[in-house]
Amino acid sequence: SIDSYSELLDEIKFCGKRQFLDRLIKQINNSYKNNCYDACAVILRRLFEVVLVMAYQNLGIDAQIKTPDGKGYKMLEAIVSDAINNPTLKLSRIKTEFDTLRKVGNFSAHSITYIAGKKDIDDIKLAYRVMLEELYNKAGLMEEM
């Protein structure tokens, strides 16, 4: 069991849709609460990617973001690039923040010297929440409550 209480993401709003999403959200909240900001950033990026792909799947357009062999999905950078201008996805202005949301997790995962701090997470948390709610809606997850 993961000890978390909506420290960063509202568990009442975002949990209870899919068990694997609940676990990611609780890991995000727990890592934030315990000052593990690099871990938090990496899982935020992962949740962003998962919910973005789920939105494509729900709209029946996930073939657009699959690899040429059709067996997997493209890298998140390519998916974000497609999402920003995708006429079927029809994202709000929050799409202008997508690359920033992706980069915070990338720095924590791939930069040798970068160490995320609380401010790095706090600086993106409003945009992240807006993005997550929009993508939950596009993925058909908000109606399930």
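Modeller: Asp99 and Lys103 are 4 residues apart in helix α5 (residues 98-110), so about one helical turn separates them. A helix here is a DSSP run of H or I with at least four residues, a strand is a run of E with at least two, and the numbering goes from the N terminus. The side chains of Asp99 and Lys103 meet in a salt bridge, at 3.4 Å from N to O. That term means a side-chain nitrogen of Lys or Arg within 4 Å of a carboxyl oxygen of Asp or Glu. Side chains of opposite charge can pair when their charged atoms come close.

Before going on, keep in mind that this is a predicted model: local features need pLDDT of at least 70, side-chain atom pairs count only at pLDDT 80 or more, and totals for chains, interfaces and linings use all residues. Residues are numbered from 1 along each chain as its sequence is written, and side-chain values use heavy atoms, with hydrogens and water left out.

(Buried means under 20% relative accessible area, exposed over 50%, and partly exposed in between, with a 1.4 Å probe and protein chains only.)

Helix α4 (residues 76-85) packs against α5 at an angle of about 170 degrees, with the axes 10 Å apart. (Axes are lines fitted to C-alpha atoms, for helices over the stretch in contact, and angles between N-to-C directions run from 0 to 180 degrees.) That makes α4 and α5 roughly antiparallel; the label is for angles over 145 degrees, while under 35 is roughly parallel, 65 to 115 roughly perpendicular and the rest oblique. Leu76, Glu77, Val80 and Ala83 of α4 make the contact with Phe98, Asp99 and Arg102 of α5, where contact means heavy atoms within 4.5 Å. Sorted by class, this contact has 4 nonpolar, no polar and 3 charged residues. (Ala, Val, Leu, Ile, Met, Phe, Trp, Tyr, Cys and Pro count as nonpolar, Asp, Glu, Lys and Arg as charged, and the others, Gly among them, as polar.)

The largest nonpolar core has 45 residues, and Phe98 is listed with Leu47, Phe48 and Leu52 as having the most contacts inside it. Such a core is a set of buried Ala, Val, Leu, Ile, Met, Phe, Trp, Tyr and Cys residues joined through side-chain atoms within 4.5 Å. Helices α4 and α5 are among the elements that give two or more residues to this core, but α3 gives the most, with 13 residues. In soluble globular proteins, nonpolar side chains tend to be buried together.

Helix α3 (residues 37-58) has its own version of our pair: Arg45 and Glu49 are 4 residues apart there, so about one helical turn lies between them. The closest N and O atoms of their salt bridge are 3.2 Å apart. Here Arg45 is buried at 16% relative accessibility, whereas Glu49 is partly exposed at 23%. For yet another setting, Lys119 and Asp123 pair at 2.8 Å, N to O, and both of these residues are exposed. The structure holds 11 salt bridges.
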